[in-house]
Amino acid sequence: MAMQEPSVVLQNQCDESSENDKNQSCDHTESVPILDIEVTDETCVAPIDPGFLPNNVILVVEEKNLHVNKALLESASPVFEAWLKKEWQQDECTDDTKRKLEFHGKTYDEMATFLKCLLPFFPDKVTDENLDTILPLADEYRTENLITECVEVIRQRVESVSEADVYIPPSRIVTYLLWIDQYNIHMGKECVVRLASYLKT
């Protein structure tokens, strides 16, 4: 799948609103992880990572801001790591500069769902309900741990047919087979193919 590198804009953290946010954050000795994302207008910011880590990267999706932590992104995805290292090597980038990456062709809801499953300290997990969103993005950004979680969800879902007599629509099984081929997934392939063999042509 072809990846489109996000365009990057510099944003100075030393404006008045940022200073206010910074001062407010210093008043608390213990931070509570921010688990919910809510954006009410285009100017709102949406912290993704836990509050005890600095939000030094802004992902702009559909003109909405997702504030995230650089180190967490780099550790989770080699694609993000390459982009961010490249941007931080720019001469004009300092510790007081926040990087803004604009993502085109992505939706806000999809990226928020993906990041909350990707980054640590969040209760959000991969499920069969969000697989259609998570797996393509996990493959695009090469997040191996998240891909493994996706495969495990598929495997458990397929095995539940015989273990718990759970019904899976044939169309969903076909989707699993398409994913196995498209994303070159080997783990769990055997059980999906075996289940598919019982389907009528």
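This is a predicted model: local features need pLDDT of at least 70, side-chain atom pairs count only at pLDDT 80 or more; totals for chains, interfaces and linings use all residues.
Is Glu74 buried or exposed? Glu74 is buried, at a relative accessible area of 16%, where buried means under 20%, exposed over 50% and partly exposed in between (1.4 Å probe, protein chains only). Residues are numbered from 1 along each chain as its sequence is written, and side-chain values use heavy atoms, with hydrogens and water left out.

**Confidence**
- The chain has a mean pLDDT of 75, with 68% of its residues at 70 or more; pLDDT is the predictor's confidence in each residue, from 0 to 100.
- Among the elements of the chain, helix H5 (residues 131-140) has the highest mean pLDDT, 96, and strand E1 (residues 7-12) the lowest, 42.
- Over residues 8-45 the pLDDT is below 50, yet beyond near neighbours in sequence this stretch has 57 contacts in the model (a contact means heavy atoms within 4.5 Å).

- Glu74 sits in helix H2 (residues 70-76); helices (H or I, at least four residues) and strands (E, at least two) are DSSP runs, numbered from the N terminus.
- Leaving aside residues up to four places away in sequence, Glu74 touches Glu81, Leu84 and Lys85.
- Helix H3 (residues 78-88) has Val79, Phe80, Trp83, Leu84 and Glu87 as its buried residues.
- Looking down the axis of H3, those buried residues fall within an arc of 120°, so they line one face of the helix; the arc is that of the directions from the helix axis to the C-beta atoms.
- As background, an α-helix has 3.6 residues a turn, so residues three or four places apart point the same way.
- At the start of H3, a side-chain oxygen of Ser77 comes to within 3.2 Å of the backbone nitrogen of Val79.

**Positive phi**
- Most residues other than glycine have a negative phi.
- Glu63 is not a glycine, but has a positive phi of about 65°; you'll find Glu63 in the loop between strand E3 (57-61) and strand E4 (64-68).
- Arg142, also not a glycine, has a positive phi of about 55°.
- Arg142 lies in the loop between H5 and helix H6 (144-163), and counts as partly exposed at 44% relative accessibility.

**Helix H6**
- Glu149 belongs to helix H6 and is partly exposed, with a relative accessible area of 33%.
- Glu149 and Ile134 are 15 residues apart in sequence, and their C-alpha atoms are 9.9 Å apart in space.

Notes: A polar contact is a pair of N or O atoms within 3.5 Å; within protein, one must be able to donate a hydrogen and the other to accept it, and residues adjacent in sequence count only if both atoms are side-chain atoms.
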